Amino acid sequence: MPRRTLPARTASLVTGSRLPPLARMRRYVTWSFVGLAAFYTVVFGTILVVEGASPTLVAAVGAVGALVTAQSFFWERRGPWWLTVSTLFTSYGLWLTVLLGGQNFVVLFFFGITLGYVTTTAPLAAPRWLVAGLVLALVPVVLTSADDPPVLVAQIVAVVLAVLAMYGVCRLNRYAFDLYLEIDLARETQSELAVMRERYRFSVDLHDIQGQALHVSRLQLQLADKTLDRDPAAARQHLREAEQLIAQTIAETRRLAYGERTLTLAGELANSTELIRAAGIELEVTGVPPVGHPADDLFGHVVREATTNLLRHAQAERVTIVLGPESVQVVNDGAAEPMRGLSGLARLGERFGAVGGTVTTRLAGGDFRVEARAAAAEAARPTATATATATTRSGAARETSTGRSRA
C-alpha cells in the first residue's frame with residue numbers, strides 16, 4: 001500500500017509547529033499589553049525630555065516603565081508578589097513625585113494600568129480595591145490644587161476618568177478573553193461529543209453486523225450438528241452456509257472499519273431474506289419500497305434490527321415485510337409475550353425522530369409488528385423510480401411465491 005502523506009497544514013498541526021487557537025489568543029493579548037506598556041514608557045520619557053525634566057526623573061520613568069512592562073506579562077493571573085508590590089509602590093511614588101513637582105501628569109498611566117491589572121486579578125478583583133486606588137490617585141491632586149476649586153474639580157474628573165479608562169481596558173479585555181475561554185471550551189466539548197457520536201454509530205453498526213451474523217451462524221451450526229448423523233450432505237451444506245456468512249461478516253466489518261460500508265434498504269432486504277430463509281422461516285415481501293428516500297439507510301437499519309430481534313428472541317414460523325412509499329413494516333408470528341431488550345429499536349426511534357419520523361412496535365395475537373415511518377421524500381427522477389419499482393415488484397412476487405423452507 002502506498003504511503004499516505006498529510007497536507008502541509010495538517011502536518012504542521014500534528015507536529016506542533018502551530019499553536020492551538022487558545023494559546024495564540026493568549027499570546028496575542030499578552031504581547032499587546034506588553035507592547036502598550038513599553039510604547040508608553042518610551043513616549044512619556046520622550047515627553048519629559050522635551051519638557052526639560054531632570055535626568056533623574058527620566059531614568060525613574062524608564063525604571064517604572066520596565067516594572068510595568070514586566071507586570072503586563074501577568075495580566076491574566078497573579079504575578080510574583082514582589083513584582084506586584086514594587087510596581088504598585090514605584091508607579092504611585094512616580095505619580096506623587098511628578099504631580100507635586102509640577103511635571104506632566106501623563107505618568108498616571110503607569111499607576112492606572114498597574115491598578116487595572118491588580119484589581120482584575122484574584123485575590124484583589126473587587127470594587128473596593130479599585131476605589132482605594134482611586135482615592136490614592138486623588139491625594140496629590142487635592143494637595144496641589146486645594147486652593148483653586150475649579151482646577152481641583154477639573155483635575156479630579158480627569159484623574160478619575162483616566163484611571164477608570166485604564167481599568168476598563170483591563171476589565172473589558174478580561175471579559176472578552178473569558179468569553180473566548182467559554183467558546184474554546186464549547187468547541188472542545190463539541191469535538192468530544194462528535195467523537196462520542198461517531199463511536200456510538202460505529203458500535204451500533206458493529207452490533208448490527210456481527211450480532212445478527214453470529215446468531216445465524218450459531219443456528220446453522222446447531223442444524224449441522226442435528227443432521228450430521230442422518231444426513232451428512234445437509235450438515236455439510238449448513239457448515240458451508242455458516243462459513244460463507246462468517247466470511248461475509250468479516251468483509252463487512254473490514255468495510256466498516258475503513259469507512260467504506262454503505263447501508264441501503266435494498267441491500268438489507270436481500271440480506272434479511274437470506275438469513276430468514278436460512279433459519280427455516282417462511283418469508284413474504286409485499287409492496288413497493290420508498291425508492292430514493294432520504295431515510296433509505298434508516299429503513300435499512302430497521303429491517304436489519306427487526307430481523308436480528310426475531311432471530312434472537314422470537315420463535316417465528318412466518319415473517320411478512322410490508323413496504324410503502326414512506327414506511328416499512330416487519331411482522332413475525334413468533335412473539336408470545338412482549339419482547340424485551342429491544343434497545344436497538346429505541347435508538348432507531350430517536351434517529352427517526354430527528355428526521356420527523358417514528359418507529360413503533362405492537363404485539364397483538366402473537367404477531368409482533370415493527371413499523372417505521374418517515375416524512376415524505378422529494379420526488380425522484382421518473383425513470384429511476386419506474387425502474388426501481390419494476391425491479392422491486394418482480395422481486396416481491398418471487399418472495400411471495402416461495403413457500404416455507406424449513407431445514
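**Strand pairing and salt bridges in a predicted model**

Good morning. Of the 407 residues of the protein chain, 38% count as buried. Please bear in mind that this is a predicted model. The chain comprises twelve helices and five strands. Among contacts with a separation of 6 or more, 71% are between residues 24 or more positions apart.

I turn to strand 5. Strand 5, residues 367-373, pairs in the antiparallel sense with strand 3, residues 327-332, over six bridges. In this pairing, Val328 stands opposite Ala372. Strand 5 also runs antiparallel to strand 4, residues 358-364, and seven bridges join the two. Strands 4 and 5 form a hairpin with two residues between them, and Gly365 in the turn has a positive phi of about 60°.

Glu371 deserves a separate word. This residue of strand 5 is the bridge partner of Thr360, and its side chain forms a salt bridge with Arg373, with the closest N and O atoms 2.7 Å apart. Glu371 is buried, at 16% relative accessible area, whereas Arg373 is partly exposed, at 41%.

The count of salt bridges comes to five. Which residues are linked in a network of salt bridges? They are Glu282, Glu284 and Arg318. Glu282 meets Arg318 at 2.4 Å, N to O. Glu282 lies in strand 1 and Arg318 in strand 2, so this pair ties together parts that are 36 residues apart in sequence. For Glu284 and Arg318, the closest N and O atoms are 2.2 Å apart. Glu284 also lies in strand 1, so its pairing with Arg318 ties together parts 34 residues apart in sequence. Glu282 is buried, with a relative accessible area of 18%, and Glu284 is buried at 18%; Arg318 is partly exposed, at 30%. Thank you.

How values were computed. Residues numbered from 1 in each chain as written. Predicted model: local features only at pLDDT ≥ 70, side-chain atom pairs only at ≥ 80, totals over all residues. Heavy atoms only, no water. Pairing = 2+ DSSP bridges. Helix = DSSP H or I, 4+ residues; strand = E, 2+ residues; numbered from the N terminus. Buried < 20%, exposed > 50% of the residue type's maximum accessible area, 1.4 Å probe, protein only. Contact = heavy atoms within 4.5 Å. Salt bridge = Lys/Arg side-chain N within 4 Å of Asp/Glu carboxyl O.
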